[in-house]
Amino acid sequence: MDEKYYPEKIEEKWQRVWAETGAFEVEPGSDTDARPKFFCLEMLPYPSGFLHMGHVRNYSIGDALAWHKRLQGFNVLHPIGWDSFGQPAEQAAIKRNVQPREWTEDNIAHMRGQFKRLGVSFDWRREMAAHRPDYYKWDQWFFLKMLERGLIYRRTSPINWCPKEETVLSNEQSSGGVCWRCGTPVEKRDLEQWFIRTTEYAEQLLADMKEIEAGWPERVLTMQRNWIGRSEGAYVDFPIKDSDAKVRVFTTRIDTIYGATAIVVAAEHPLLDQLEESPLKEKVTAFVARVKAERASRAAAPGEEEEKEGVNTGLFAVNPFSGEQLPVWVANYVLIEYGAGAVMAVPAHDERDFEFAQKYSLPICRVIERVSHEQESIPHNEASGLDQSVAMPHAFTDYGILVNSAEWGGKLSADAMREMATYAAEKNFGGGAVTYRLRDWGISRQRFWGAPIPIVYCGVCGIVPVPEKDLPILLPERAEFTGAGKSPLASVAEFVNTSCPKCGKEARRETDTMDTFVDSSWYFFRYCDPTNADAPFDKAKVAYWTPVDQYIGGIEHAVMHLLYTRFWTKMMRDIGLVTFNEPVKNLLTQGMVTNVVEGTGEWKAMSKSLGNGVDPDEMIEAYGADAVRLFVMFAAPPENELRWLETGIEGAVRFLRRVYNFVWRWREHVESTPNATDAGEFSDAARALRRKTHQTIARITQDFSELHFNTSIAALMELLNALGDFDSATGAPAAASASDKFAVREALEALVLMLAPFTPHVAEELWEALGHAGGLLASGARWPVADAELARKEALEIPVQINGKLRGRIQATPDTSEDELREAALADEKVRAHMEGRQVVKVIVVPQRLVNIVVR
């Protein structure tokens, strides 16, 4: 141990030791290994070329937890890999005239070096990368397995298209009407593509939330519930007058069907093809074209906060309950993607329909009244229909009692909804139904840098899956990148041209590749068995390590990656690879790292484009990795925004230097201290230090269980201050008694052990300096355990007076509040006996000294 703290030298030393000894390499436990397992995982990074401070924060959080669990005796799996497919590599290929593979591998090499300089305790043997064939072979294998089970299909459909990235986006990736990656407004196009039937698992995705609600943020679960969007109601088929066509409507309020005054369809609804003979065809066609164009160019989500517009088609639909003819309109607020692409407009009981009806003078027919407690019944005449239009200031959207609804009049909404759905089913024009906002996952991407889809197209056999024995279908080494929307794979003849696996005749390969969220849906299972050439993973190894015990990543993945990986796990369960429903027990969504944008004074997420980014390498070079890590863990609770302040790192360095200097000062004097029993009588100062030590252990152990890292670091700083106070009070270490030395050693070892999760390099160095050869892990160090008796706060005996005369005593601690002292004094039996029959005028409390009760 050097006399002075040189972070660069210490960090290089211990990084070398960890690498040479395989300090973080683990295997599944055996029958003789009783250690519990802990799978600690951060979301894998995209290899853009450089780590940013958001990465540093994310992986510092995970590493702190991994170190904590190791020191508690857990068998900790802490792996790393690369989400290395994706559009940025192709953009780099276009801009820099370099192949995506070369660009990606160079970036991985640089970022791997950054991770190692940061000292993150990964098991590097398990490193995987999505762009390498030994990984994406199994993407293709999963595709074939889902195809066999009917979970993958191909169809032409309106898709979300990013004109800048020139590729398809899923609904999740185009939430808000903009591309999730570049922010460009999304367009709608018709394209043939491959889909995964995520909707088959919609109910399970909702129901199984009960298994994770204790460990996942409620905000994430709420976002997923809303995205899945379960609606329970009924569907009703409305026949079109003078036609064999029908319009299917889904409604959650079938009890209001007698108040329907129109049927409103989406611009893409196939019913509009019935307009050949309609005199309104030209007007409708122009309106539909305008709606589609506005949706394609609008940055806001379709249908959100826009003025409601519509056109009468001239068609009429027959209400199967009342027999009334309702005009059919087409409007911009109805979306083909949701429900059945058509709604029954009930202006009296739906705010959206009310607004539309007022604009276009549609009838408003009230069919639900508020239930009144003052009356036993509400009149419900038999009349109903469009001639019963009423004036209403706004829609009445509550449940109530039905009126103007034929034989259902007088029934409560809940009863009527159930009975009317049954009636519709009996008459074969509807029935009860559940719908979801969730849509199937479109995975086709018109790009080169992704997992090839294992399908060939044969003129004789049609669509033919590639046999499993022929996997992986390899990406070509090179392709021409033009920036055009067509996949670059389509121009690589040796890739496209192949033979049919069935008949052997000429065929062509699918040239779309898979969405990169396929890669990230199951990657952490591969960490458990990363070199398996015969299967995605060994079931026994995965059964040992998974589910993931703690997952750490950004809230922005709530309805993309985190939803897809839950689906993928259920699919793997159903094909016999795993036995559980949910992949992650506990989830932490960490906050963004922000910095001031120069010239604006605004705090924004660090970004190259905003010029407010901070290079971690520069910070490590200037202050050391430990100080950088300590600052990002101390500056804010992990789930909150972290505002970057370089002065905070300077403070972290000062703290670490103080710890280092204190160990240097005392190291030779505490190397051979006796145990607590043999140390002799403890002085008041030593007892106080031991109390603080064990209180700190208890506090930080509890904080770690709740992921309160910033308060843990604050507690360590308090313990160091207590050591400093003890040092000042007792004088030179050489003159310290055996009991004083024991108290100091106990405090220092606890301090160093609890510092290890945040600053592992210097903790290793200090632990070795305290006489433990090889550092923390090599010496078998364990997390300290608080002694409850020692941690108990020192009791005070507080005298209680009545009108100045001593009448009793109560026990309290130094931090007992005035209110607590007052209540304890008034509750004391001896004191109450002296107060009997007398009135308390006031209670005077002198904290830690006295309670005086004034009575008369």
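A residue is called buried when its relative accessible area is under 20%, exposed when over 50%, and partly exposed in between (1.4 Å probe, protein chains only). The exercises below concern a predicted model, in which local features need pLDDT of at least 70, side-chain atom pairs count only at pLDDT 80 or more, and totals for chains, interfaces and linings use all residues. Residues are numbered from 1 along each chain as its sequence is written, and side-chain values use heavy atoms, with hydrogens and water left out.

**Exercise 1. Overall description**

Task: State what share of the residues is buried, and describe the extent and the secondary structure of the protein.

Solution. Step 1: the protein has 856 residues, and 54% of them count as buried. Step 2: along the principal axes, its C-alpha atoms fill a box of roughly 105 × 90 × 60 Å. Step 3: the protein holds 26 helices and 32 strands (DSSP runs numbered from the N terminus: H or I of at least four residues for helices, E of at least two for strands). Step 4: with contact meaning heavy atoms within 4.5 Å, residues 24 or more positions apart account for 73% of the contacts with a separation of 6 or more.

**Exercise 2. Strand pairing**

Task: Determine the sense in which β8 pairs with β16 and with β9, and in which β32 pairs with β29 and with β31.

Solution. Step 1: two strands pair if DSSP finds at least two bridges between them. Step 2: β8 (residues 231–239) is joined to β16 (residues 430–435) by 6 bridges, and the two run antiparallel; here A234 stands opposite G432. Step 3: β8 also pairs with β9 (residues 246–251) in the antiparallel sense over 6 bridges, with P239 opposite K246. These two strands form a hairpin with 6 residues between them, and D242 in the turn has a positive phi of about 60 degrees. Step 4: β32 (residues 850–855) runs parallel to β29 (residues 796–802), with 3 bridges, and I802 has I853 as its bridge partner. Step 5: β31 (residues 840–846) and β32 are antiparallel over 6 bridges, V845 being partnered by V851. In their hairpin, which has 3 residues between the strands, Q848 takes a positive phi near 70 degrees.

**Exercise 3. The largest cavity**

Task: Describe the lining of the largest cavity.

Solution. Step 1: on a 1 Å grid over the protein atoms alone, a cavity is a set of points where a 1.4 Å probe fits but cannot get out; lining residues have an atom within 4 Å of a point. Step 2: 15 residues line the largest cavity, with L169, W180, R181, R447 and T516 nearest its centre. Step 3: β6 (167–169) and α12 (516–519) each supply at least two lining residues, and β6 gives the most, with 3 residues.

Note on methods
1 Å grid on protein atoms, 1.4 Å probe; cavity = no way out; pocket = protein on both sides within 12 Å on 5 of 7 lines; lining within 4 Å.
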